[in-house]
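Please look over the model shown below, and keep it in view while reading the report that comes after it.

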Amino acid sequence: MITLKLISNMNTNEISQSINLINTYFDNNRFTDYKSAILYKKDGIIIGFVGIYDNLLNQICTDINYRREGIATEMISTCKKLLKGTISLYIDKNKKNTDYLLQFYQKNNFNIELENEVEYKMSYKK
């Protein structure tokens, strides 16, 4: 089940599970920067997360045990339906899966808008 939640309306369990998921897959946790989040729950457990600040998506992650099941694609599609205007995200160039992420987001109709030595900025325009 996918839900969009304001961070301020998340319960303690949702916050804890989201933070644990982010900490598993990212070096830096930016949970407190987000205004809202897309949560993907299975049997009451958060297995997918997208942090949202305005129309910037960040720390998009799916539990490794549920990857390649279309969860990230579903979360991105939900963001496209719910958010107004251009949606942006950044990809770190120094990750081992950078090429995979570029292909994944391009497949989901995001285009490279800007590029520098450390990252790509990708955007989806409605």
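This is a predicted model: local features need pLDDT of at least 70, side-chain atom pairs count only at pLDDT 80 or more; totals for chains, interfaces and linings use all residues.

Residues are numbered from 1 along each chain as its sequence is written, and side-chain values use heavy atoms, with hydrogens and water left out.

**The whole protein**

The protein has three helices and seven strands, and these elements follow one another from the N terminus in the order β-α-β-β-β-α-β-α-β-β. Helices (H or I, at least four residues) and strands (E, at least two) are DSSP runs, numbered from the N terminus. The C-alpha trace spans about 40 × 30 × 25 Å along the principal axes. A compact globule of 126 residues would have a radius of gyration near 14 Å, and the protein agrees with this because its own value is 14 Å; the radius is taken over C-alpha atoms, and the globule rule is 2.2 Å times the number of residues to the power 0.38.

Of the 126 residues, 40% are buried, where buried means under 20% relative accessible area, exposed means over 50%, and partly exposed lies in between (1.4 Å probe, protein chains only). Among contacts (heavy atoms within 4.5 Å) between residues at least 6 apart in sequence, 59% join residues at least 24 apart.

**Helix H1**

Helix H1 covers residues 12-25, and its 14 residues should span 20 Å at 1.5 Å a residue, which agrees with the 21 Å between its end C-alpha atoms; the expected span is 1.5 Å times one less than the number of residues. Which residues of H1 are buried? They are Glu 14, Gln 17, Ser 18, Leu 21 and Ile 22, and because they cover an arc of only 130° around the axis, they are on the same side of H1. The arc is that of the directions from the helix axis to the C-beta atoms. An α-helix has 3.6 residues a turn, so residues three or four places apart point the same way.

The buried residues of H1 pack against strands E1 (2-6), E2 (36-42), E3 (45-53) and E4 (56-62), whereas the face turned away from the buried side carries the exposed residues Thr 12 and Thr 24.

**Helix H3**

In helix H3 (residues 98-107), the buried residues are Thr 98, Leu 101, Leu 102, Phe 104 and Tyr 105. Seen down the axis, they fall within an arc of 165°, so they line one face of H3. These buried residues pack against E4, helix H2 (71-82) and strands E5 (87-92), E6 (111-115) and E7 (119-124), while Asp 99, Gln 103 and Lys 107 are exposed on the other side of H3. Just after H3, Asn 109 takes a positive phi of about 70°.

Leaving aside residues up to four places away in sequence, Ser 36 touches Leu 4, Lys 5, Leu 6, Ile 7, Val 50, Gly 51 and Ile 52. With neighbours within four places likewise set aside, Lys 121 is in contact with Ser 88, Leu 89, Tyr 90, Asn 111, Ile 112, Glu 113 and Leu 114.
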